[in-house]
Structures are given as structure tokens and as C-alpha cells.
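Here are some questions on helix packing, charged pairs and backbone angles. Look at the model first, then read on.

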Amino acid sequence: MLLEGKTGLVMGVANKRSIAWGIANAVNKAGARLVLTYQNERLGENVQELAPSLNNPLLMQCDVGSDEQIQKLAARIGEEVGHLDFFVHALAFAPREALEGMYADTKREDFKTALDISAYSLVTVSKAILPLMKARNGAIVTLTYLGSERVVHNYNVMGVAKAALEASVRYLANDLGPHGVRVNAISAGPIKTLASSAVGGISNMIKLHSERAPLRKPVEIDEVGDAALFLVSPLSRGITGEVIFVDGGYHILGV
Ligand SMILES: NC(=O)c1ccc[n+]([C@@H]2O[C@H](COP(=O)([O-])OP(=O)(O)OC[C@H]3O[C@@H](n4cnc5c(N)ncnc54)[C@H](O)[C@@H]3O)[C@@H](O)[C@H]2O)c1
């Protein structure tokens, strides 16, 4: 039981197809107690339905667009648990119209929203929960995608947000390392989820990926879950500031 006695915050479960759900299952199986957050009441109903299969998780609402909700979340975890050993950030958002057509057409408001929800949220939640994580050999993991460093058709402003997210991983790793907190990202291959359905042509991307990736199969949420388990566990205690690919090897390909 790699995470026996540990408590973790997992943000981003929307339904059973969510990457956050794959991660929640993997860390739960390894013995961790979880705090799961959901964005709004509608998604909260899904999380309440899923929660009984985990070991007595705490459920809390938190929209990362609200500083007030983030502060309340940290305060409630402080009161009800007192500490955190790990934090999984598996959330992102960009308006659907920004995820098709030309990147050059991105509207200022859509750019701000994508960067705020998908990248700044990692920074501000990490800061809010730092007092709960200090000196516990804690770990933070976020989710990114290859579109941060290569042009992926229709991924557009989300690619720019993921580039900011990955740079934030490095800066946060440097800030939080002295407090005993590691910060890493998993770059997952394409998986059909609520969020990815907003990206134009996602089904075709998944098909192409399965045909071309060295492992010749689609990426599954439990594979991402096991990599996250490694990154929040002591097995990865020497690793921080990294982006680890869980994509069946797709990113190594040239033409
Ligand atoms: N699915 C893929 O192909 C893929 C590939 C690589 C990386 N990722 C990343 O994985 C992460 C999880 O996405 P997913 O694919 O599992 O989709 P998902 O739709 O299951 O999860 C996205 C989550 O983001 C949450 N969210 C959006 N706006 C929010 C806000 N304002 N406040 C709080 N929560 C908010 C949603 O409620 C949802 O739970 C995202 O960062 C995504 O970019 C996904």
C-alpha cells in the first residue's frame, strides 16, 4: 500500500470517463484517503454517485475561477483533515469556439479564460494549500498534452494554455521544492472525455493515435492513473519539474 495513511486532493472528476477518476481509483487502491472536488452542483451529482466505490472520500465544490471558493476549500480541508500529502490538478477549460478553426482568430476573452482556468488555477490552488502540504514530502501532479509544444489541429488556445501550465510546473517545482513539495505533469495521449469532446475532430485524433503510436492502442485513464500514483508516491521522490508522457510513445515519432 504505497499511499497508506496519506491524504490527497483530486480536482477534476466530472464523470467515470474523467482522467481524474482514473487517478482517484489508482491512488484509492494504493490506500490514500481522498478529497474530491467538483465544479458545480450538476457535476457534483455525478461525483456523489461515483464516490461510494472509494474509501470514504470527502466531497467539496470548488470552481477554480473563484478565489473565494479556493480559499474556502483550503480552509475546509484544514479544518476537516488538517494536512494534505498530494494534489492532483486534472482540469481545464476553453470555450468551444476557440477549439476549432484558426488560432489567429482567438478572442481576447477566450484567451484569458483558457489561461486562467487551465494554467493559473494550478498556481493559485497550490499556493492556497501549501500550508497544508509543507514538510510532508508532498507531491503535486497536473495534466497536460502534446499540443503545448507541437501544433495540433484545433487544439489552438489550449496548446498555449498547456505551455503556460508546463512552465508553471517548472517554476512551482523550484518554489515549492525547499518546502518538500514536488511538482510534475503527465502529458496524456488523447482520450474521449467531456473536456476533449470540445476539441474539433477528437475522435479522429484518437483513431490516428491508435494506428500510429508505438504501442498501437488508445490511451486509457487507468494508465494515466498508475503514472499519477507513481508521481505522488515516494517511488518518484527524486523527480520534480518534469513532464512525463503517458501516450503509448506517440510523441517520439517524426514523420
Ligand atoms: N482527454 C484528453 O485527451 C486529455 C489529454 C491530455 C490532457 N488532458 C487534460 O486532462 C485534464 C482532465 O480532463 P479530462 O480529459 O479528464 O476531461 P473531463 O471533462 O473529464 O475533466 C475536466 C474537468 O475540468 C473541470 N473544470 C473545468 N472548468 C472548471 C472550473 N472553472 N473549476 C473547476 N473545475 C473545472 C470540469 O468540471 C471537469 O471535471 C485536463 O487538464 C485536460 O486538458 C486531457
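**Helix contacts, salt bridges and phi**

I19, G22, I23, A26 and V27 in α1 meet I221, V224, G225, D226, A228, L229 and V232 in α7. Contact here means heavy atoms within 4.5 Å. This is a predicted model, where local features need pLDDT of at least 70 and side-chain atom pairs count only at pLDDT 80 or more, while totals for chains, interfaces and linings use all residues. Residues are numbered from 1 along each chain as its sequence is written, and side-chain values use heavy atoms, with hydrogens and water left out.

Q: How many nonpolar residues are in the contact of α1 with α7?
A: Ala, Val, Leu, Ile, Met, Phe, Trp, Tyr, Cys and Pro count as nonpolar; Asp, Glu, Lys and Arg as charged; the others, Gly among them, as polar. The contact of α1 with α7 has 2 polar residues and 1 charged. The nonpolar residues number 9.

Q: Is α1 roughly parallel or oblique to α7?
A: Helices and strands are DSSP runs numbered from the N terminus (helices H or I, at least four residues; strands E, at least two). Axes are lines fitted to C-alpha atoms, for helices over the stretch in contact, and angles run from 0 to 180 degrees between N-to-C directions. The axes of α1 (residues 19-29) and α7 (residues 221-232) come within 7 Å and cross at roughly 55°. Angles under 35 degrees count as roughly parallel, over 145 as roughly antiparallel, 65 to 115 as roughly perpendicular and the rest as oblique, so α1 is to α7 oblique.

Q: At what angle do α3 and α4 pack?
A: Helix α3 spans residues 67-80 and helix α4 residues 108-133. Their axes lie 9 Å apart. α3 is roughly parallel to α4, because the packing angle is about 20°.

Q: Which residues in α4 meet α3?
A: The α3 side of the contact consists of D67, I70, Q71, A74, I77 and G78. Across both helices, the contact residues divide into 7 nonpolar, 3 polar and 1 charged. On the α4 side they are T124, V125, A128, I129 and L132.

Q: Which residue forms a salt bridge with R76?
A: A salt bridge is a side-chain nitrogen of Lys or Arg within 4 Å of a carboxyl oxygen of Asp or Glu. The N to O distance here is 2.9 Å. The partner of R76 is E80.

Q: Is E211 partly exposed or buried?
A: E211 forms a salt bridge with K207, the closest N and O atoms being 3.3 Å apart. Both lie in helix α6 (residues 202-212), about one turn apart. Buried means under 20% relative accessible area, exposed over 50%, partly exposed in between (1.4 Å probe, protein chains only). At 44% relative accessibility, E211 is therefore partly exposed.

Q: What is the N to O distance between E223 and K217?
A: The relative accessible area is 27% for E223, which is partly exposed. K217 is partly exposed too, at 30%. Their side chains meet in a salt bridge with an N to O distance of 2.4 Å.

Q: Where is A135 found?
A: Most residues other than glycine have a negative phi. A135 has a positive phi of about 55° although it is not a glycine. A135 is exposed, at 73% relative accessibility. A135 is found in the loop between α4 and β5 (138-144).
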